[in-house]
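Open the model in your viewer and keep the selection tool at hand. The tour goes from the whole chain to single residues, one stop at a time.

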Amino acid sequence: MASSSSSSSSNNFTPKKYDVFLNFRSDKVNKNFVSNLYAALHRKNIYTYVDLKNQSHVREQLGKMVTLFEPDRVDEWRRAFEAAATNTQFNFTSSIIKSESELVELLVEDESAALNVEGICLDMSEIGEVQLNKVFKSMRNLRLLEIRSSTNTMMSLQSFSEQIKSVRYLYWEEFPLTSLAEGFSLKNLVELVMPYSNLEKMWDGVQDLVNLRKIDLSYSIRLTHIPSLIRAPNLESINLEHCRSLTEASFHLEYLPKLTTLDISGCSSIHKFPQLPRNLQRLHMSGTNIHEVPPSSIESLTCLQTLLLANCKRLERLSPSSFEKFISLQYLNLNGCTKLSNLPEIFEPMKNLEHLYLRNTAIRDLPSSIAKFPRLKTLELQQCRELELIPKSICQLEKLVILNVSGCMKLNALPPTMSVGLKSLSRLNLSNCSLLEIPEQLGLLASLESLDLSGSIIDRVPGSISKLLKLKQLDISNCKNLRALPEIPLFIEFVDAHGCTSLKTMSTVSKLALTQQGWDHFPVRSEELVFLNCLRLDHNARNNLINEARLRILRMATFSRSKQVPECSSVSICYPGNQIPKWFNYRRNGSSIHVKLPHQWRNSNFLGFSLCVVAAPFSEDNFDQQIHFHCELNFLDKNGNTHKCKSFLRGYNSQDNNDEDTSIRLRCLNSDHLFIWYDYGLYLHEMEATDTFSEAWFKFYAIDSWDRKVNSCVVEKCGIHLLYRQEAARFGFSTGLSEQSDAIIETYDNDGEFCELGTGKKSEYDEEEEDHVSVELGYRVVQELANTSTFEKQFQDEAIDSMKLEVQKLNQKAQQILQHFSANN
């Protein structure tokens, strides 16, 4: 059967001529690397044969390379291989060639070796100053040339033009010459890429560029002139981005039948819209100085799909006739056109337009004909400060996914039927709209996944949002008038209410909903509830947060352990408070806590750790608007070995905000705050390595987004809770509880205190923490620490200092009480 298959493969094989032969015989070669290399060569019309172990039909057919490649090409390769084999200078296995600089020297000295070079890539920052014309002197067969960082390179113009006549692909970063030589031939060139070049002009006259497909001279800031490209019939892409000295783009572009991409964005000296070929698909003109888009220049652009005109500060209008010509247009970006005051009414549908960006324009209203964009998915109106009205016709955009009106200061109402017509809307941004009222019908937007109301004047959030079953993100941060928060959706992942300084009450999701509903659709990712600086939250609201935190943690822990889920599944909640919740098994003052783990604590019912800290108020000028925490954990096993690991605990990640005063407020905590976490992946791999851990030390400290310690944010208290399926089952979660007889099962006494099953005794680490610790207890703990094992001693100094500080505070309080008592008597 095998021989039959081989024979069939051989008979069906049709010989084909290839340009390149690749042979990767080692099993260590990454297959993705080979496939990507093959695809890259194919895109450049370089036909490549990849010789793999399982492709033997060529050898079985004739066994000669000449059947696949041109005979003279094979002879060239044979000579090159022979030269490499006999020339010890190229014996890479003996490590004689140790750098690119040494390689350049060898090529200069050995003309026979240089003659066989077809491609070379050099990083001139690794070589230093060099005369490149000497390097290229004997490379008459050079086809690929790539040079990077060539600021210090020296060469003559004439020698360069002579030596690269055979090059097909030329990439030269920071090309040092101001022009290319007269008579410079690019006949064989397929791609010319010279970003950040020193060119002022390219060449004089008209070049024969029949093979040229790509030109990239981006960021050549001295370039003033592009010669005629009329003899480049196969040119597909031109990139002149940020060539800011270029004054015009009229180099016979209209005669390039295959040109599909033109990028002249950032060419701030271009004032006139160019004449363009009819097959153009992508036109990037952002940051140019044009003031109009004349109909005569674009009437033939029926294939145009992408038009970028962002930050064209002089552009004042688009004529209806020019707008309607873009029948294939999918993406239109007019962001930052600060003089553009309106969009024209159109009479013919633009059936392909999907994305319309009008951010920071002077638009006062949208045309009612916006309904003639039936496929529109994105409408960006952010920072349109003059916008007063959104027409009712927007409700006909059934495919609209993203609507952003953030910062539209004069907008005071939304169309009342919006929630009925916008069936596909998933992201709605109404932030920083100082006059906008939020309609109660918001809860009818059944597809909504993200809702941003931050910085608005609302005093309440519509109760109907609880019906938004797909809502994942709710941002109500810095809503200074907001006083109450209704029940949030069951499967929400992110609620940001930081800076809601008037917020007093909030409802929570019912216990029944959290424990019993929607398990088949539970999206296990992460859940984050942020209530930083919400200092007016009443006692009931804070209790609601504590209870919801516990239920959400148990839900995530139960689901994470029973399903195949990402290790990043987590829950984090923060709000004003200074007491570790009673349901945490272990609670301590200070930033570290020592835990003597119960017997057989890590069994099949163990769901993981929940962690908690109390962070003191702080303010820091250099704080970067993010606050997170590290937890350093040291496990001690029964053999006395220490296992160390560190975990990142997400605190608060500020969203971008243009309000300078608001950003300053984000740099501080105005009171003690509680941070509670559960992370399914926390120490997962470390704990799976062994089952013998008997003790653990947890140490917490605050960090910023750069992983730098934030010394001004002090961890005052910390707590640890061991989660088990028994606890989850008691709250109504379906857990698949193990019937292990030796499982550690937790119960709670009538006060909610933690006990170990069968003992009736409170855990030795579960004394309720008051505002202070007794002097007697302080000295007792210090004495215990003095007798601890070597494993514990690394934390002694910190713990002792913390206890001494507490004792000092208590002594001061005692003296004040005695003074007060003496004064009253």
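A residue is called buried when its relative accessible area is under 20%, exposed when it is over 50%, and partly exposed in between, using a 1.4 Å probe and protein chains only. By that rule, buried residues make up 50% of the 825 residues in this protein. The model is predicted, so local features are described only at pLDDT of at least 70 and side-chain atom pairs only at pLDDT 80 or more, while totals for chains, interfaces and linings use all residues. Residues are numbered from 1 along each chain as its sequence is written, and side-chain values use heavy atoms, with hydrogens and water left out.

**Whole chain**

Colour the model by pLDDT, the predictor's confidence in each residue, from 0 to 100. The mean for the protein is 76, and 66% of its residues reach 70 or more. Select residues 84-98, where pLDDT stays under 50. A contact means heavy atoms within 4.5 Å, and the model has 15 of them for residues 84-98 beyond four places in sequence. Next select residues 740-796, where pLDDT is also below 50. This stretch has 111 contacts in the model beyond near neighbours in sequence.

Switch to a cartoon view. The protein has 19 helices and 35 strands. Helices (H or I, at least four residues) and strands (E, at least two) are DSSP runs, numbered from the N terminus. Among contacts between residues at least 6 apart in sequence, 58% join residues at least 24 apart.

**Helix α13**

Select residues 539-562, which form helix α13. How many residues does α13 have? It has 24, and it reaches 35 Å from its first C-alpha to its last, close to the 34 Å expected at 1.5 Å a residue. The expected span is 1.5 Å times one less than the number of residues.

Zoom to the start of α13, where a side-chain oxygen of Asp538 comes within 3.3 Å of the backbone nitrogen of Asn540. Then pick Arg561, which lies in the helix. Arg561 counts as partly exposed because its relative accessibility is 34%.

**The nonpolar cores**

A nonpolar core is a set of buried Ala, Val, Leu, Ile, Met, Phe, Trp, Tyr and Cys residues joined through side-chain atoms within 4.5 Å. Select Leu229, Ile238, Leu334, Leu379, Leu428, Ile476 and Phe531; of the 153 residues in the largest core, these touch the most other members. Elements that each supply at least two residues of this core include β3 (119-123), β23 (570-576), β26 (606-615) and α13. Which element gives the largest share? That share, nine residues, comes from α13. Domain 2 (271-425) and domain 3 (577-730) both give residues to this core, so it lies between them; the domain bounds come from an automatic or database domain assignment. Another core, of 38 residues, lies apart from this one, and Leu597, Trp601, Phe629 and Phe635 are among its members.

**Around Ser477**

Go back to Ile476. Not counting residues up to four places away in sequence, Ile476 touches Leu453, Ser454, Val461, Leu482, Leu485, Asp496, Ala497 and Cys500. Now select Ser477, in the loop between β18 (473-475) and β19 (484-485). Is Ser477 buried or exposed? Ser477 counts as buried, because its relative accessibility is 5%.

The side chains of Ser477 and Asp475 make a polar contact of 2.8 Å. A polar contact is a pair of N or O atoms within 3.5 Å; within protein, one must be able to donate a hydrogen and the other to accept it, and residues adjacent in sequence count only if both atoms are side-chain atoms. Leaving aside neighbours within four places in sequence, Ser477 is in contact with Ser454, Gly455, Asp496, Ala497, His498 and Cys500.

Select His498 from that list. His498 is found in the loop between β20 (494-496) and β21 (505-506), and at 7% relative accessibility it counts as buried. A polar contact of 2.9 Å joins the side chains of His498 and Asp496.

**Two loop residues**

Select Tyr219, in the loop between β7 (214-216) and β8 (237-239). The phi of Tyr219 is near 60°, a positive value in a residue other than glycine. Last, select Asp707, in the loop between β32 (693-703) and β33 (715-724). Asp707 is not a glycine, yet its phi is positive, at about 65°.
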